[in-house]
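Visitor: I've just opened this one and I'm new to it. Could you walk me through it?

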Amino acid sequence: MDSSVKTELVLLSFLQHGTSIDHDFCSALDSLKSDLKAKDLYFCGFSPSDGELQTDGNQFTRILPESGDFVDDSAEDICRVIGNQLAEIGDQLDFMIKQEVIDRLVQKILDNELTEKHLSGVVDGLLASSLPGMEREKAMLLLTMLLAKKVATSVPGLLQQVFWTTVHFLNHNLRSYITDLARRDYI
């Protein structure tokens, strides 16, 4: 399970949860989903007829990479569940992130200055006021994903950039925590 947990799918599920009626944000999410499918080894290089009977009567089977760089159906479901559970908790913490924080992040992105280091500083600043009793890693994960969602809903055209910056940040800082969540099967 460890190698098949995809941060991208957890974040995408988080972003999709309770999606607003905003047409631009929904369009940006659809575009992101298409890009993710195109990049994923599980989807690449296979025709729509995969799994169907061939003319010789044998069934075609996929030979999937052994590296674990793809997500099988059960791992994908787990990623979606984790993303949705985090989003439900995040909805309750939404008040913690003030609009001026989002505006500064948007400006950093527009100026092409948003780095993982800057994002880390923003998250650390928010962690100082996080809810007592919540695991540090969980609070960090939730706040990072909330920042990404708030930036993307404010300026949907920045979704791709903020998505990938967030994925890299999460993989660098919280990969083992996300994997542990998948192992536990709950948040």
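This is a predicted model: local features need pLDDT of at least 70, side-chain atom pairs count only at pLDDT 80 or more; totals for chains, interfaces and linings use all residues.

Visitor: Which residues of H1 are buried?

Guide: H1 covers residues 7–16, and nine of its ten residues are buried. Those are Thr 7, Glu 8, Leu 9, Val 10, Leu 11, Leu 12, Ser 13, Phe 14 and Leu 15. Just after H1 comes Gly 18, with a positive phi of about 60 degrees.

Visitor: Let's jump to the other end. How do the axes of H6 and H7 cross?

Guide: H6 is residues 136–154 and H7 is residues 159–184; their axes come within 10 Å and cross at roughly 165 degrees. That makes H6 roughly antiparallel to H7. Angles under 35 degrees count as roughly parallel, over 145 as roughly antiparallel, 65 to 115 as roughly perpendicular, and the rest as oblique. The axes are lines fitted to C-alpha atoms, for helices over the stretch in contact, and angles run from 0 to 180 degrees between N-to-C directions.

Visitor: What classes of residue does that contact have?

Guide: The contact of H6 with H7 has 14 nonpolar, three polar and two charged residues. Here Ala, Val, Leu, Ile, Met, Phe, Trp, Tyr, Cys and Pro are nonpolar, Asp, Glu, Lys and Arg are charged, and the others, Gly among them, are polar. Contact means heavy atoms within 4.5 Å. Among the residues that meet are Met 140 and Leu 141 in H6, and Phe 169 and Leu 170 in H7.

Visitor: What about H5 and H6, how do they cross?

Guide: H5 is residues 116–127, and the axes of H5 and H6 come within 10 Å and cross at roughly 120 degrees. H5 and H6 are therefore oblique to each other. The contact includes Leu 119 and Val 122 of H5, and Met 140 and Leu 147 of H6. Its residues divide into nine nonpolar, one polar and two charged.

Visitor: And H5 with H7, at what angle do those cross?

Guide: Roughly 75 degrees, with the axes of H5 and H7 coming within 10 Å. That makes H5 roughly perpendicular to H7. By class, the contact of H5 with H7 has three nonpolar, five polar and one charged residues.

Visitor: Last one, Leu 105: buried or exposed?

Guide: Leu 105 counts as buried, because its relative accessibility is 3%. Leu 105 is found in H4, residues 99–110. Leaving aside neighbours within four places in sequence, Leu 105 is in contact with Leu 114, His 118, Val 122, Leu 147 and Val 151. Leu 105 and His 118 are 13 residues apart in sequence and 9.0 Å apart in space, C-alpha to C-alpha.

Definitions and conventions. Residues are numbered from 1 along each chain as its sequence is written. Side-chain values use heavy atoms; hydrogens and water are left out. Helices (H or I, at least four residues) and strands (E, at least two) are DSSP runs, numbered from the N terminus. Buried means under 20% relative accessible area, exposed over 50%, partly exposed in between (1.4 Å probe, protein chains only).
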